[in-house]
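Here are a few notes to read alongside the structure.

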Amino acid sequence: MDYRRKKNLTFFTIGLIFLLSGVEYAVILPTIWRYLQTLEAAPYCLGLALSAFSLTGLLTGPLFGYWSDKTRTTKKIILFANVFEMIGNFMYFMGYSKWLLLSSRLVAGIGTGAGSAIFGLLTRSTAPEDRATAFAAVMACRQAGLLIGPAFNIFLRLCDFKLGPFVVNKYTAPGLFMCLLWTLIQLAVIFMYWDLPPLEKEKAKDRLRGQSKDKEDEQGLVEEDNDEEKPLMGSQEIGGSYGSVVVSNTTMSDPSATSNATLNPISPPLSPEPPETHESSSPSKTSSISREFLREEVAVLLAAQFITLFNQTALETMVTPMTQKYFGYSELENSVMYSLCGVEVIAGFLFVRWLSQRVTERVILAIGLTICNISGVWCLIFLANPLGGFPWKLTEFVIGVFLQVLGLPFVAVAQVSLFSKVTSEKTQGFSQGVRRSVGGLATILGPLWAGGLTDNMYIMMGVMMGLLALVTIMLAFSYDRMLAPAVEEQVDDSDNVG
């Protein structure tokens, strides 16, 4: 099987994995509270169950990423992680007690840590200019899962039978359903997934290397497709020394330099430029992990990851009580609302995918944060204490939710793509694990923050708005650093990969 077909099948399988992660969230979330109530669980158990899933994913993400960096493989990691998804969802299906249910979410959450290894693979197997497009497509797959997930509950809630000693009803059926789906994904990974070599990245670096050498005449290596220079330099290349090639270039551009080149044929390696380039790249190669993540641009991107997810999950927690209080919405109306939000998010990811081919990621990030700030101001003014009649309150709510959802694809795609470029490629799996752990921490703290301040909306939204303003200011001061490494650094890194 050729490389292109392997790559297409691998990316298709990755899309299925993220699609299924979205389906799992959308299938489990609507029924877990009622499920806990049937097991006589206290209200705090809901927060524990939701946080447990994020907690284990937060802890295992960097570990799976480190494993991926060391072995340069992801297939075994995904197969290993999916086992935890299968076991965890089967435990959810078994039920029996609230503690088994809580343990099931802890076990299933371990499987989400494989996402860091997958993002590392995407980074290594895609060219920098195509990376934002690839990340947008993968994230859109998860949003598609969130969109179609509620549809599965339509038939799952009709289940009412026994399977051996187990009862299959509308509360336990989601666990069995997800266990079967993860088993199918396991088969898909076995037969349709390959550990891709970083060929696309190497091709991109070769192009960058060629551009660098075209700009610097003292570089004497000739690209294979440069047919015009081959006859002029062929004899010197056969001669065999790096110095002789440079002599040929120098002689052609400046005949007066022939005598100097002859007297010192190995002068290029001793010239001051190469040592300076090597020394400038040495600290990045020997820097510690702490120095890697304390760099200004990395800190800004991690802050953007944390704050946007914190605000998103806080608003998600606040939305359901608000719709019940002001509009009398039931589960049906909320499901329709979430589905419409899913459509908007998918459209947003598709638009960002198109936009990423025309502008840089830092521009997309700036657009996303601007939209989020507008949404934050709107929510603080109109949603903290809605005024007016039913139509006006509904209009305020719809605009606030629309703006909040609109900004998410811009920030999500831009920060993950930029993060993959400003961190070391050799430790990309671990770096993506840290990034996802920061996001996991946000998804744990966001609901806790909102849940405790449902009666103090001004405080809740004021702090969220302050966090958005902070990360926007950080981006403004660090905007010039939000770029991929220079050509010379990329070429130097490519010589040390593997």
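**Notes on the model**

1. Leu184, Leu187, Ile190 and Phe191 make a nonpolar surface patch of about 420 Å². Please keep in mind that this is a predicted model. Leucine 184 is located in helix α7, which covers residues 173–192. With a relative accessible area of 53%, leucine 184 is exposed, because the cut-off for that class is over 50%.

2. Now for the overall picture. The protein has 498 residues, and 47% of them count as buried. Its secondary structure comes to 21 helices and two strands. The accessible surface is about 24000 Å², with 66% of it belonging to carbon and sulfur atoms. Among contacts with a separation of 6 or more, 79% are between residues 24 or more positions apart.

3. Which residues does valine 138 contact, once its neighbours within four places in sequence are left aside? They are Ile14, Phe18 and Leu122. Valine 138 sits in helix α6 (residues 128–156) and counts as buried, at 7% relative accessibility.

4. Serine 437 has 11% relative accessibility and counts as buried, since buried means under 20%. Apart from neighbours within four places in sequence, serine 437 is in contact with Leu58 and Pro62.

5. On to the charged side chains, where the count comes to four salt bridges. One of them joins arginine 105 and glutamate 24, at 3.5 Å from N to O. Arginine 105 is in helix α4 (residues 98–111) and glutamate 24 in helix α1 (residues 3–38), so this pair ties together parts 81 residues apart in sequence. Both arginine 105 and glutamate 24 are buried.

6. Arginine 481 deserves a point of its own. It forms a salt bridge with glutamate 296, with the closest N and O atoms 3.9 Å apart. Arginine 481 lies in the loop between α20 (457–477) and α21 (487–494), while glutamate 296 is in helix α15 (residues 296–326), so the pair ties together parts that are 185 residues apart in sequence. Arginine 481 is partly exposed at 43% relative accessibility, and glutamate 296 is partly exposed at 36%.

7. What else pairs with arginine 481 in a salt bridge? Glutamate 297 does, with the closest N and O atoms 3.1 Å apart. This pair also links distant parts of the chain, with glutamate 297 in helix α15 and arginine 481 in the loop between α20 and α21, 184 residues apart. Glutamate 297 counts as buried, at 8% relative accessibility. Through shared partners, salt bridges join Glu296, Glu297 and Arg481 into one network.

8. The aromatic rings are next, and they give 19 aromatic pairs. In one of these, the ring centres of phenylalanine 64 and tryptophan 67 are 6.2 Å apart and the planes are at 40°, so the pair is tilted. Both residues lie in helix α2 (residues 44–71), three residues apart, or about one turn of the helix. Phenylalanine 64 is buried at 6% relative accessibility, whereas tryptophan 67 is partly exposed at 31%. Phe64 and Trp67 also form one aromatic cluster with Phe80 and Phe84.

9. Here is another aromatic pair to look at. Phenylalanine 382 and tryptophan 392 are edge-to-face, 6.4 Å centre to centre with 85° between the planes. The pair links distant parts of the chain, ten residues apart: phenylalanine 382 is in helix α17 (residues 361–383) and tryptophan 392 in helix α18 (residues 390–422). Phenylalanine 382 is partly exposed at 23% relative accessibility, and tryptophan 392 is partly exposed at 43%.

10. Arginine 142 lies over the face of tyrosine 25, 5.8 Å from the ring centre. Arginine 435 has its charged end over the ring of phenylalanine 119, 5.1 Å from the centre of that ring.

Terms used: Residues are numbered from 1 along each chain as its sequence is written. This is a predicted model: local features need pLDDT of at least 70, side-chain atom pairs count only at pLDDT 80 or more; totals for chains, interfaces and linings use all residues. Side-chain values use heavy atoms; hydrogens and water are left out. Helices (H or I, at least four residues) and strands (E, at least two) are DSSP runs, numbered from the N terminus. Buried means under 20% relative accessible area, exposed over 50%, partly exposed in between (1.4 Å probe, protein chains only). Contact means heavy atoms within 4.5 Å. Patches are made of residues with over 30% relative accessible area and no salt bridge: like charges are joined within 9 Å, nonpolar side chains (Val, Leu, Ile, Met, Phe, Trp, Tyr) within 5 Å. Accessible areas come from the Shrake-Rupley method with a 1.4 Å probe; for residues, only the protein chains shown count as cover. Rings of Phe, Tyr and Trp (its six-membered ring) pair if their centres lie within 6.5 Å; planes under 30 degrees apart count as stacked, over 60 as edge-to-face and the rest as tilted. A charge sits over a ring if NZ of Lys or CZ of Arg is within 6 Å of the ring centre and within 35 degrees of the ring normal.
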